Amino acid sequence: MIRTREELCDAVNRFGVLPFFRSVVKGLSLEDLADKSIWFPPDGMGVWDWKEDIIRMTGGAYGSFFCSCPGFVSHSMLFPLLSYRRNGYDFEGFSNDGHARVNERKVYQILEETGEENSTFLKAK
């Protein structure tokens, strides 16, 4: 049972992918694995507030990767997942063949320049 930020980080790294909500893989979601007390704790710091920390701690990402549902992807699974979603292309080939939208190219360029950014910064650009 996940009760702390560190345990959540360990789960993301152990499973490689961890959807926030129940999905087609029974038992593989934060909803299934997290103690109910950490969803909306009295002090206000729960799973919703840990997203940036988990991204930083795992080197992975958070996004709508799972049939438009949010979740975490570990660093070791991030690039294989992105390649799969681009039908095996790396981003350069995907973009050169005209598959990348303008906003996707812009985000990629920002990430190449800065190394990492949070979504609030990216949305402002």
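This briefing walks through the fold of the chain and a handful of its residues. The model is a predicted one, so please read every value below as computed from that prediction. The chain has seven helices and three strands, and 34% of its 125 residues are buried. We start with the overall layout, move to a pair of packed helices, and then visit some loops.

**Overall layout**

- From the N terminus on, the elements follow the order α-β-α-α-β-β-α-α-α-α.
- The C-alpha trace spans about 45 × 30 × 20 Å along its principal axes.
- Among contacts with a separation of 6 or more, 37% are between residues 24 or more positions apart.

**Helix 1 against helix 3**

- Two packed helices are described by the angle between their axes and the distance between the axes.
- For helix 1 (residues 5-15) and helix 3 (residues 51-58), the angle is about 50° and the axes are 10 Å apart.
- On the helix 1 side, the contact is made by Arg 5, Glu 6, Leu 8, Cys 9, Val 12 and Asn 13.
- On the helix 3 side, the residues making the contact are Asp 53, Ile 54, Met 57 and Thr 58.
- Sorted by class, the contact of helix 1 with helix 3 has five nonpolar, two polar and three charged residues.

**Thr 58, a residue of that contact**

- Thr 58 belongs to helix 3 and is one of the residues through which helix 3 meets helix 1.
- Its relative accessibility is 10%, so Thr 58 counts as buried, the cut-off being under 20%.
- The side chain of Thr 58 reaches the backbone oxygen of Ile 54 at 2.8 Å.
- Beyond its neighbours within four places in sequence, Thr 58 is in contact with Cys 9, Val 12, Asn 13 and His 75.
- Of these partners, Cys 9, Val 12 and Asn 13 are also listed on the helix 1 side of the packing.

**The loop between strand 1 and helix 2**

- Ser 29 sits in the loop between strand 1 (17-19) and helix 2 (30-33).
- With a relative accessible area of 0%, Ser 29 is buried.
- A polar contact of 2.9 Å joins the side chain of Ser 29 to the side chain of Asp 32.
- Not counting residues up to four places away in sequence, Ser 29 touches Leu 18, Pro 19, Phe 20, Phe 21 and Arg 22.
- Phe 21 is also placed in the loop between strand 1 and helix 2, and its relative accessible area of 30% makes it partly exposed.
- Leaving out residues up to four places away in sequence, Phe 21 touches Ser 29, Glu 31, Trp 39, Trp 48 and Pro 70.
- Phe 21 and Ser 68 are 47 residues apart along the chain, and their C-alpha atoms are separated by 11 Å.

**The loop between strand 2 and strand 3**

- Cys 67 is in the loop between strand 2 (61-66) and strand 3 (69-73).
- Although Cys 67 is not a glycine, its phi is positive, at about 50°.
- Cys 67 counts as exposed, at 77% relative accessibility.
- Ser 68 lies in the loop between strand 2 and strand 3 as well.
- Phi of Ser 68 is near 70°, again a positive value in a residue other than glycine.
- With 64% relative accessibility, Ser 68 counts as exposed.

- Lys 36 is in the loop between helix 2 and helix 3 and counts as exposed, at 56% relative accessibility.
- Lys 36 and Met 1 are 35 residues apart in sequence, with a C-alpha to C-alpha distance of 9.6 Å.
- Met 77 lies in helix 4 (residues 75-85) and is partly exposed, with a relative accessible area of 36%.
- Between Met 77 and Ala 11 the C-alpha to C-alpha distance is 13 Å, for residues 66 apart in sequence.

Methods:
Residues numbered from 1 in each chain as written. Predicted model: local features only at pLDDT ≥ 70, side-chain atom pairs only at ≥ 80, totals over all residues. Heavy atoms only, no water. Axes fitted to C-alpha atoms, helices over the stretch in contact; angles between N-to-C directions. Helix = DSSP H or I, 4+ residues; strand = E, 2+ residues; numbered from the N terminus. Contact = heavy atoms within 4.5 Å. Nonpolar A, V, L, I, M, F, W, Y, C, P; charged D, E, K, R; others polar. Buried < 20%, exposed > 50% of the residue type's maximum accessible area, 1.4 Å probe, protein only. Polar contact = N/O pair within 3.5 Å; in protein donor to acceptor, adjacent residues only side chain to side chain.
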